[in-house]
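Subject: The structure I promised you

Hi,

Here is the structure I said I would pass on. Have a look at it first, and then read my notes below.

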Amino acid sequence: MSENNNINNNNEQLALDDGRRVKVLSPGMMVFKRFIRNKLAIVGIIILAFMFAFSFLGGLISPYRQDQVFYKTDSANKEFASAVVNTEYRFLTEDGSPLSTLVRANFSRLVKDAGDGDISFDADGAAWTVQRLGEGFYSIGTTKDLATVTLLGKVCDVKALDGVELSDAVKDAALQTAKAGGGSFEIDGQTYMLTKGKAKTYNLGTVGEVAIASLLSYDAHDSADTGVISTYAFRRAAELALRSGETSFEADGIKYTLEAEEDSALIFRDGEENPLASVSRIIVNPVTSGVFLSVDYKAAVSEAIADKQTAFDYVNADGVTERHTIRMRGNNYIIYTEQQTYLIDMYAAPSWAHPLGTDDHGMDVLTRLMYGGRISLLVGFVVMLLENLIGIIIGGISGYFGGWVDTLLMRFVDLFNSIPYYPIMIIAGAIMDALEVPPYTRIFLLMAIMGIMGWTGVARVVRGQILSLREQDFMVATEATGIRVSRRIFRHLVPNVMPLLIVQATMGLGNIILTEATLSFLGLGIKYPLASWGSIINAASNIYVMTNFWYIWIPAGLLIVLTVLGFNFVGDGLRDAFDPKMKR
Amino acid sequence: MSSAYENVVEVRNLCKYFPIKAGLFGRVVGHVHAVENVSFSIKRGTTMGLVGESGCGKTTIGKTLLNLTPKTSGEVIFNGDTHLDMLKGKSLRDFRPKIQIIFQDPYSSLSPRLPVGEIIGEAVREHNLVPESEFDAYISRIMKACGLFDYQKDRYPHEFSGGQRQRICIARAIALNPDFIVCDEPVSALDVSIQAQIINLLEDLQKQFNLTYLFISHDLSVVQHISDTVGVMYLGNMVEYADKAEIFANPLHPYTQALFSAIPVPDPTVKMNRIILEGSIPSPANPPSGCKFHTRCRKCQAVCSQKAPRTMDMGNGHTVACHIYDPESGYENA
C-alpha cells in the first residue's frame, strides 16, 4: 500500500501489465474482505453484537437485580374467624377452685335428660345436688359434713367433727330426724341433711351451693374488667337477672344494668354509656393465632348469627367497613372476610415495569434473561477456549510427533469419546447437588467438566490438519533450510491450522451454548438464584406455565436460537472466507 | 569454503528401504526397496541428471541425500568429510544451508501465510548469514538474481504464478549460499515456455554462484540440456552412469536404450525407431529376482533372472549394470 502511494507521489508512469499496479493484500485482509461481503455472516455478526450488548450491557442498564423478588398486595376472601353455639357448660366455683372432672362429667351426663327436675349424684365421696335456676343455668350444691349422729339402742349421740360448733337446736333436730330415718330439716334458713352412714350412724351435713354452670360466655369490653366479670357473685347475679328477665342486678354492692336480646346481652355498669361486658352463647375464635378479636366484633358476629344473617358489615378499628360473610360448616360458623395480603408477584403479565413479566419466583424475566445471557455466553466462550487449549496441545503433539505418541494419544481420544456424555453430566450434577456446591463455584465446575469432556473433536481436527501439513513441501523446506522446531511449529504450522480452528471454534460455540442450555434445562447446570437461558426455559417443563405464561420461556428460547444461529452464520462466513478456493 | 574437494557429494552404496507395516500393531511385513546400492559422485560446479520412470527412486535419492528421510545404509559424504547422518540437532541445522532442495510442486512448497520476503529471508536470519543491517538489501539482490522484483517482497504466494513461485523457491535456496542443490523435478509442474525460463535461470545461477546440482527429472530433453553427467535409474538401481555426451551418443543398457528412443525429435521427417517396453514397472516391494529389468528386457536370457548384474566400468567414466557387458556373467552374446 505504501508502495502504491510512493508511486503515485512520484507520478511514475506504470505499464498496464506492471505488477506494481496490483494492490497487495495480506491473507488476513483478504479473509476480512471476503467475510464482510457475506451478507449472512454480517447478519450473524449483528445478532451476536446484539446478544453481547443485551447480556453484558443490559445487566448494567436494568434497574433490577437478577435475584430481586417482586411483591404485590392482593385481597383474598380468607377465613377470618369461626363461631360456634356453645353446648359445653362452663363452671364457676364459689371459691375459684376448679371443679373435679368426675363431677363435671356426671353433671354433663345427667343434665341432658333432667328437664326441669333437680338432679343428685354421688361423686368424690360426697352427695351433689343440681338445681335448675333457668334455661341453661344450674346451681351445683354439695353436702358438707358437720357431725356424726349415732343411734344405738337407747344411746343417741351427736358427735361434731373437729372444729365444728353445733347449736343444741341443730343437735336436737338432727336426732329427731335420725330417729325418723333421715332426711333434711331447716333451721335459721340453713338446710341440714342427714344421710345414712355405716350401721346405725347418720352423717349430718349442710347442703350448700358451691358452683354454677352456664352455657353463656362473657367477654369484657375492656380487658381491665376481666376480673370483675369473672367473679362468682357477678356471674350468679347476672345469670339470675338474665333468666328472670330483669334489666338490672347488683353484685358486690355495684349496680349493673342489662340489655338482653334473644341469645345475647350487654351488661353496663349503672349509668355508663359503654358496655362492660357482652354475654352470648356464641363463642367466636380467630382462625389464625396471633389475631385478637375485639369484643365488638364478637358481639357483631353473635348478633349476625342470632339473626341468621349470612353476611354483615363491621367497622374495624381503622374505621374501614369490612364485609364479612358467614358460612356453616358442620356445627361451626366460619366467617370470611376480604383481606389485603402481601404476595410474591408470580407470573405477572408483561407491563412497563416488567416488559416480559415475572417468573415463578417473582423475578423480572427480562433482567434474568440479561444476566442469564452473560452466563450462557461466558460458559460458551470459556468452554470453547478450554476445549481448544486441550485439543490443540494434544492434537498438535499427536500430529507433529506421530508414531507411537500419535497412536497412544488417539486411543486416549477414543477412550474419552466412548464416555457417555449425559450420564457423566447427570452424575456430576448429582455430586454437586449432594455437596451443596455454591452457585458460582458450580458454574466454574460446569465449565471445567464441559471443557474436559469436549476437547476430543478439536484434538482430532488439529491432529489431522497437522499430519497433512507436516507432509507438505513447505514444511520439508523448513527442515531443509535448518529452521528450528519451535519456529517451524509457531510460524508455519500454527498459522496454517488457525483458520480451520477459528471456524471450528465459532461453529462449536453454538453447540456449547446449546449443551449448557440442555444441562441447565435438565437442572444439572446453572442453579437458582443464578440464571442461564436454559434454566429459564426450564419453566416450560410445567405444562401450566408452558400453556399460560408464554412470556417466561419463549424469549429465552428465541435468544438461544438466535445466538446459535448467529454463531453458525459467522462460522459459515469465516469458513467461506478462509476457503482458498473462493476468489476475492 | 571447502572448495578444495573436487567432489561436492559422494554417494557410496546408498540404500533406502521403507518398511511396510500391517496389522493392528504395525508389524513390519516387508520393505519397499526404494533405493538399492546406488553410488555416484558429483564434481563441483557440474550438474548431474538423474532420470528414470515414476517410482524408480529418484526423489528418494534426493531426500535421502539431504537426510530429510534417514537412509538405511551406505554413505553420503559432502565436501569430502561431512557425513550428514552423523550430525545431530544444532550442528545438523547449521550445515543445512550448504545443501538445498527445490521441489517439484511450487504451490505446496511455499507457506501460504507468509509474505515472500519472509519466506526467502527466514532461514537467512535464522542462520545469521548476513548482518541485520544488510538484510533487506541482500534479499533484494537475491530476488533480483532470481528474476523477482523488489516490490513483491510483501506479497503472499497466492498472488504469484507457478513460474514465479518456482523462482521464489529457487531464491529461498540460493539465499542460503549453498554448495549443492537438489533440483527435484523443478520444471515438471510448469508449462514449456516457463520451463525454459527456469532452466536458464538455474544455469545462470550455477555460473554466478558456482553451484552444483543434482537435477532429478523424467524429462530427457531437459536433462540433456542441463546436465554434465547423467545417471539412469530403474527400480531403485542405477543401471547406467556416464557423461552426457557419452551416454546420449552410446547408451549401453537396454533400459537406457528404450528410454532414449522415446525422446521426441522436433522434426517430422525423422523416422523414429522407438523401443516399446511391455508391461509396467514391477512393485519395488517385491522386486524381480536377478536383474530387476529382466521382466521387460528385450535381451533377457536365463542368467538375467538368476543373478544380479555387476556394475561394469566401460571406460571413460561410463558404468553400466548389465550382464551383456559382463564377460563372466554367462550371458551369450549373439
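Let's start in chain B, where β1(B) and strand β4 (residues 73-78) run antiparallel and are joined by 5 bridges. One pair to click on is B:V9, which sits opposite B:F78 in β4(B). B:V9 also has a bridge partner in β2(B), namely B:I42. That comes from the pairing of β1 (residues 7-22) with β2 (residues 27-43) in chain B, again antiparallel, this time over 12 bridges. The hairpin these two strands make has 4 residues between them, and B:G23 there has a positive phi near 80 degrees.

Before you go further, keep in mind that this is a predicted model. For the complex, the predictor reports an ipTM of 0.85 and a pTM of 0.66. Chain B has a mean pLDDT of 87, with 99% of its residues at 70 or more. Among the elements of that chain, the lowest mean pLDDT, 82, belongs to strand β5 (residues 82-83), and the highest, 93, to strand β8 (residues 212-216).

Next, the place where the chains touch. Chain B puts 30 residues into the contact and chain A puts in 22. On the chain B side, α2 (89-95), β6 (99-102) and α3 (116-126) each give at least two residues. The largest share comes from α3(B), with 3 residues. Sorted by class, this side of chain B has 12 nonpolar, 7 polar and 11 charged residues.

Over in chain A, there is an open sheet of 5 strands, with antiparallel pairing, in the order β15-β1-β18-β17-β16. Which strands stand at the edges? They are β15 (282-286) and β16 (311-315) of chain A, each with a single partner strand, so one side of each has no neighbour in the sheet. On average, neighbouring strands are turned by 35 degrees against each other, ignoring direction. Helix α8 (residues 295-306) of chain A lies across β1, β15, β16, β17 and β18 of that chain, running at about 130 degrees to β15(A).

Two helix pairs in chain A are also worth a look. In one, the axes of α15 (residues 485-521) and α18 (residues 550-578) of chain A come within 8 Å and cross at roughly 170 degrees. The two helices are therefore roughly antiparallel to each other. Residues meeting there include A:P499, A:I502 and A:G510 from α15(A), and A:I560, A:F567 and A:R575 from α18(A). By class, this contact has 14 nonpolar, 5 polar and 1 charged residues.

The other pair is α11 (residues 421-434) and α12 (residues 439-454) of chain A, packed at an angle of about 160 degrees with their axes 11 Å apart. That angle makes α11(A) roughly antiparallel to α12(A), and the crossing is right-handed. From α11(A), the contact uses A:Y421, A:I424, A:M425, A:A428 and A:M432, and from α12(A) it uses A:R442, A:L445, A:I449 and A:M453. The class count for this contact is 8 nonpolar, no polar and 1 charged residues.

Cheers

Terms used: Residues numbered from 1 in each chain as written. Chains lettered and ligands numbered in written order. Predicted model: local features only at pLDDT ≥ 70, side-chain atom pairs only at ≥ 80, totals over all residues. Axes fitted to C-alpha atoms, helices over the stretch in contact; angles between N-to-C directions. Parallel < 35°, antiparallel > 145°, perpendicular 65-115°, else oblique. Contact = placed C-beta atoms within 7 Å. Nonpolar A, V, L, I, M, F, W, Y, C, P; charged D, E, K, R; others polar. Pairing = 2+ DSSP bridges. Left-handed = near helix turned anticlockwise from the far one by under 90°. pLDDT = per-residue confidence, 0-100.
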